[in-house]
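Subject: A structure for you to explore

Hi there,

Here is the structure I promised to pass on to you. Please open it beside this email, and then read my notes on what turned up.

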Amino acid sequence: MTRGASRIGRAVGARVLGVKASLVVTLALVVALPGYAAEGAETAGPAGEERPAGEEHRPLLTLQAVVDVARARSPLVSVAEARGREAHWQRVEASALRWPRFELSGGLAPAPRVREEDEEASDLELLARFMDGFGPSLRAEFTATMPLFTFGKLRIARELASLGVDASELETRRAALTSVVQAYRAYALLQWHREIRALLDEALGRLNRAEEKLEDRLDDGDPTARTQLRKLTLLRARIVRLETEADSVAGNARAALETLLDLPAGFVVEPWQVWDTAQPPALEDLVALARQHRPEAQLLDAAVEARRLQASLEWRRLAPDVVLGAQVSGAWTPTIENRSGPFVYDPYNRFGAGVFLGMRAALDVFTRRAAAGRAEARVETAQQERSAAWRAIALEIRQARDAVLAQGRVLGAYEEAMRAARAWLQQTAFQFDQGLADFDELADPLAAYYEAAGQVWEIRLQERLRWVDLALHLGLDDPGVLRAAE
């Protein structure tokens, strides 16, 4: 089930986005075709609020709705909650150790027939009467013991069980955080796919218009139109392949969300909302946030505390337990005549009751001493593991922050380049429409604009995923909160 849940993360990984690099190259080839105009050049920007044709009857799921579903219905969360119930009953079991312990034993065995007159009989007569038949012999014993003083062993056992409950709650938080972040990534990929698909559809539409014009030129006797039509056919095949690859990547993310989170099939995502430029907080502030919010931080502390309690428990097991007990026992054998008297003990017919004060202790002192020493060594191991883990966490946070900064710088540069290319394209397209420029002069601004537009959408997605990764390293399930903390 865990492998299945991780499909969401794999579906939106950086490597499956390699289709975008080919997308940029292919869109740049559109400039080789004549008949291209600059209408609709703004379509590479954020999508509008109106839903595209064919999506009116499909359910619209907001990002918040998907996040809420991931937090409540993710398989990772379900497994963590089941383990939490196990920890709860373990704590109940540890709490019950302070109450009396009851033991009941009984048995049924055959017994010979013995009467008082057998004392006067000869050996042969006794043998004959013994072989004459057997009867049942019933025995029962009931014992109750309650610990009075255990040198803190019961208290430590309860603390360990409570620590296990706390750790299970942290595991549930971590599972919810992982599920939410994976759903966030998949949702962002679907939003990106919506914009990229619109860009590809626009390119195919312009290819169709260019094909019509080339066919008109071919009918008019232009010999160069046939070669350009062949180039157009090859280019259309490449765009269709890119469209199929983008659909496949987004389809994996959609299938993961629909299958693992039981979302309605064919749901529609919200339009992509471009984030304002923001810088992540300083590294020391991010590490402080991780210590406060990241579940692993509390889990590392809980591991050290658990090892410390276990070591204390091993040392206290060298001491005995003082218990108070009561016992009731009896036996009844109808085939054996009951004998009574101050000096008579009849194990076949008896009844007795009493209370006692006793001690229980394990005598394997050397084994217990070695176990306690090993537990002490495990405490030091846990402390060293916590220190090493925090060094690794701090390094992860630094790398995630640097990735956010790098993507932000690249995004700003390419957005500026896209605006410049758009202005260049609009100016040249106007001159082309007025007959003041030929198509060769329009080719360069077309290539520059679509290359910049494709790169901008690639970097927008990468930047968003980098913010999501940084939020995950800090234990936050909403990168917007981190961006607002600047």
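Into how many nonpolar, polar and charged residues does the lining of the largest pocket divide? The answer is 13 nonpolar, two polar and six charged. In this sorting Ala, Val, Leu, Ile, Met, Phe, Trp, Tyr, Cys and Pro count as nonpolar, Asp, Glu, Lys and Arg as charged, and the others, Gly among them, as polar.

Before going on, please keep in mind that this is a predicted model, where local features need pLDDT of at least 70 and side-chain atom pairs count only at pLDDT 80 or more, while totals for chains, interfaces and linings use all residues. Residues are numbered from 1 along each chain as its sequence is written, and side-chain values use heavy atoms, with hydrogens and water left out.

**The whole chain**

The protein chain has 13 helices and six strands. Helices (H or I, at least four residues) and strands (E, at least two) are DSSP runs, numbered from the N terminus. Of its 486 residues, 41% count as buried. Buried means under 20% relative accessible area, exposed means over 50%, and partly exposed is in between (1.4 Å probe, protein chains only). Contact means heavy atoms within 4.5 Å. Among contacts between residues at least 6 apart in sequence, 86% join residues at least 24 apart.

**The largest pocket**

The volume of the largest pocket is about 450 Å³. Of the 21 residues lining the largest pocket, the closest to its centre are L97, T150, L154, D321 and R360. Two elements give two or more residues to this lining: β3 (134-149) and α7 (153-219).

The search ran on a 1 Å grid over the protein atoms alone. A pocket is an open set of points with protein on both sides within 12 Å along at least five of seven lines, whereas a cavity is a set of points where a 1.4 Å probe fits but cannot get out. Lining residues have an atom within 4 Å of a point. Grid points are joined across faces, edges and corners, and a volume is the space filled by probe spheres set on the points.

F149 is found in strand β3 and is partly exposed, with a relative accessible area of 45%. Leaving aside residues up to four places away in sequence, F149 touches P320, D321 and V322. F149 and R98 are 51 residues apart in sequence, and their C-alpha atoms are 9.8 Å apart in space.

F151 sits in the loop between β3 and α7. Its phi is positive, about 60°, although F151 is not a glycine. F151 is partly exposed at 33% relative accessible area.

D262 also has a positive phi, about 55°, without being a glycine. You will find D262 in the loop between α8 (224-260) and β4, where D262 counts as exposed at 57% relative accessibility.

V92 belongs to helix α5 (residues 75-95) and counts as partly exposed, at 35% relative accessibility. V92 and R158 are 66 residues apart in sequence and 8.6 Å apart in space, C-alpha to C-alpha.

**Aromatic pairs**

Rings of Phe, Tyr and Trp (its six-membered ring) pair if their centres lie within 6.5 Å; planes under 30 degrees apart count as stacked, over 60 as edge-to-face and the rest as tilted. By this rule there are three aromatic pairs.

Why is the pair of F102 and F142 stacked? The ring centres of F102 and F142 are 5.9 Å apart and their planes are at 15°, so the pair is stacked. F102 lies in strand β2 (residues 101-112) and F142 in strand β3, so the pair ties together parts that are 40 residues apart in sequence. F102 is exposed, at 55% relative accessible area, and F142 is partly exposed, at 34%.

Another pair is W272 with W457: their ring centres are 5.6 Å apart with planes at 80°, so this one is edge-to-face. W272 lies in the loop between β4 (268-269) and α9, and W457 in helix α12 (residues 439-474), so the pair ties together parts that are 185 residues apart in sequence. W272 is buried, with a relative accessible area of 1%, and W457 is buried, with a relative accessible area of 1%.

Happy exploring!
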